[in-house]
Amino acid sequence: GVDSDCNPNPGIACDPDKPEECSSCQVIVDEDGAARGECTCQMPQRCALCSAFTHFRLNNRCKECPDNPLLVIIGFVVLIIGAVIGGYILNKRNFNLAIMAIVIDFFQVLAVFSSVNIVWPESLIRLFQLLALFNLNIDIAAPECLVPNLEYETKWFLMEAMPLAVLAMLLLSHLLYSLYKVVVYRRRAKLFSHVSRLISVFLIIMYVMYLNVTRKSLDIFNCNPLPEQDDGYTYTSFTSLSCDGGSLCRCGEGIQDRLVPLAAVFLVLYSAGFPAAVFATLKRNHELIREDQYLRASGVGDIRASNPRAYDIRKRYSGVYMHFKPECTYWIMNILARKFAVAAGALMFRSNTTFQLSVILLVLFVSFCLHLQYRPYLSTGERSIVLRQLDEKAERG
């Protein structure tokens, strides 16, 4: 586990014939002036494996495994399935998720601080680990405790494939629900009437997953020299059994070299593709979205009769704009940019903790200032103000 840095034990005499048994040899001078060598512990520069079945690696530290890791993993899977089902139900009932979205964003950013190389109080560490649930981070499920030889490559791909798994789950539910409609309603069945809500659920789930999948993609490109003993190479922040039996993986070879093309694909697909798709959707339907938000501010538009032009837009895409004022419907782009900047800052500047925290706090401060300047959220108290502004515009022609 965490106490395996010395072999066999510190304090024994250094044996020149067996240098492999000593982590480092410290010269000690006795009172009579005689010098002798004594083994001392030295933190490893590359070796970072944790004891099988008792500890797992989280945020570059060895953590104790939960008492029942299988139960934790099952709970994590149930959490994801529950998030998909809950999102569909809340969306169908037109539940205002604005406050929930703000809370989730806040918790996700707080969870990033767990990866900062600072000796946090134990209570804060536990809080950060709990908040990591809002990132849907598979690391907190500790799969290594159940499968100690689980390769980083496999776990990384499982995390990056989570949005695709959610998409597959929604497609399966669409097929099953369509089959149910055919059996029950036969010719009167509207086979695609529920597709818009499924799209809305996927957009919300992808929004929640965005920070985590972006961090995992960027993690592959995060290469730094060893902090105290630069050997001329750069290394990743993750370890693997295939990297010298459990060392930090060297960049430009092995796992890191194999994952670079996949990481680039996921960066384009998720980190760049999702914001680009959202922006294109908002731009293409800008006028209808503004109209829908004015109707939302008036408390109507949940049925086609009161929202004939933008009802389908609301069902399908409201998850990315429903929280914002009509003039701030693009604000989600600002939030996604903030998430990307926080993820990039937390990973790319990991070797310099002070600068890392400075970058993250700068991103949060700029975002806070923009929020104060534009007050983008369409809260209950802001709705009357929005409608009054609309009346003033109508009077001015």
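Reader: In which helix is K155 found?

Author: K155 is found in helix 5 (residues 152-160). Helices (H or I, at least four residues) and strands (E, at least two) are DSSP runs, numbered from the N terminus. This is a predicted model, in which local features need pLDDT of at least 70, side-chain atom pairs count only at pLDDT 80 or more, and totals for chains, interfaces and linings use all residues. Residues are numbered from 1 along each chain as its sequence is written, and side-chain values use heavy atoms, with hydrogens and water left out.

Reader: Is K155 buried or exposed?

Author: Buried means under 20% relative accessible area, exposed over 50%, and partly exposed in between (1.4 Å probe, protein chains only). K155 has a relative accessible area of 7% and is therefore buried. Leaving aside neighbours within four places in sequence, K155 is in contact (heavy atoms within 4.5 Å) with I138, D139, P143, E144 and L150.

Reader: How many helices and strands does the protein have, and what percentage of its residues count as buried?

Author: The protein has 13 helices and 6 strands. Of its 397 residues, 42% count as buried. Among contacts between residues at least 6 apart in sequence, 66% join residues at least 24 apart.

Reader: Which residues of helix 3 are buried, and why do they lie on the same side?

Author: An α-helix has 3.6 residues a turn, so residues three or four places apart point the same way. In helix 3 (residues 122-131), the buried residues are I125, F128 and L131. They lie on the same side of helix 3 because they cover an arc of only 125° around the axis, the arc being that of the directions from the helix axis to the C-beta atoms. S123, R126 and L130 are exposed, on the face of helix 3 turned away from its buried side.

Reader: At what angle do helix 7 and helix 11 pack?

Author: Two packed helices are described by the angle between their axes and the distance between the axes. Axes are lines fitted to C-alpha atoms, for helices over the stretch in contact, and angles run from 0 to 180 degrees between N-to-C directions. For helix 7 and helix 11 (residues 331-348), the angle is about 30° and the axes are 9 Å apart. Residues of helix 7 in this contact include Y207, L211 and L218, and those of helix 11 include I335, F340 and L347. By class, the contact of helix 7 with helix 11 has 12 nonpolar, 1 polar and 3 charged residues; Ala, Val, Leu, Ile, Met, Phe, Trp, Tyr, Cys and Pro count as nonpolar, Asp, Glu, Lys and Arg as charged, and the others, Gly among them, as polar.

Reader: How many disulfides does a search of the whole structure find?

Author: A disulfide is a pair of cysteine sulfur atoms within 2.5 Å. The search finds 1 disulfide, formed by C223 and C251 with their sulfur atoms 1.9 Å apart. The pair links distant parts of the chain, 28 residues apart: C223 is in the loop between helix 7 (195-219) and strand 5 (235-239), and C251 in the loop between strand 6 (248-250) and helix 8 (254-284). C223 is partly exposed, at 25% relative accessible area, whereas C251 is buried, at 16%.

Reader: Where is the place of Y294, and with which residues is Y294 in contact?

Author: Y294 belongs to helix 9 (residues 286-297) and counts as buried because its relative accessibility is 13%. Beyond neighbours within four places in sequence, Y294 is in contact with P326, V386, L387, L390 and K393. Y294 and L390 are 96 residues apart along the chain, yet their C-alpha atoms are separated by 8.3 Å.
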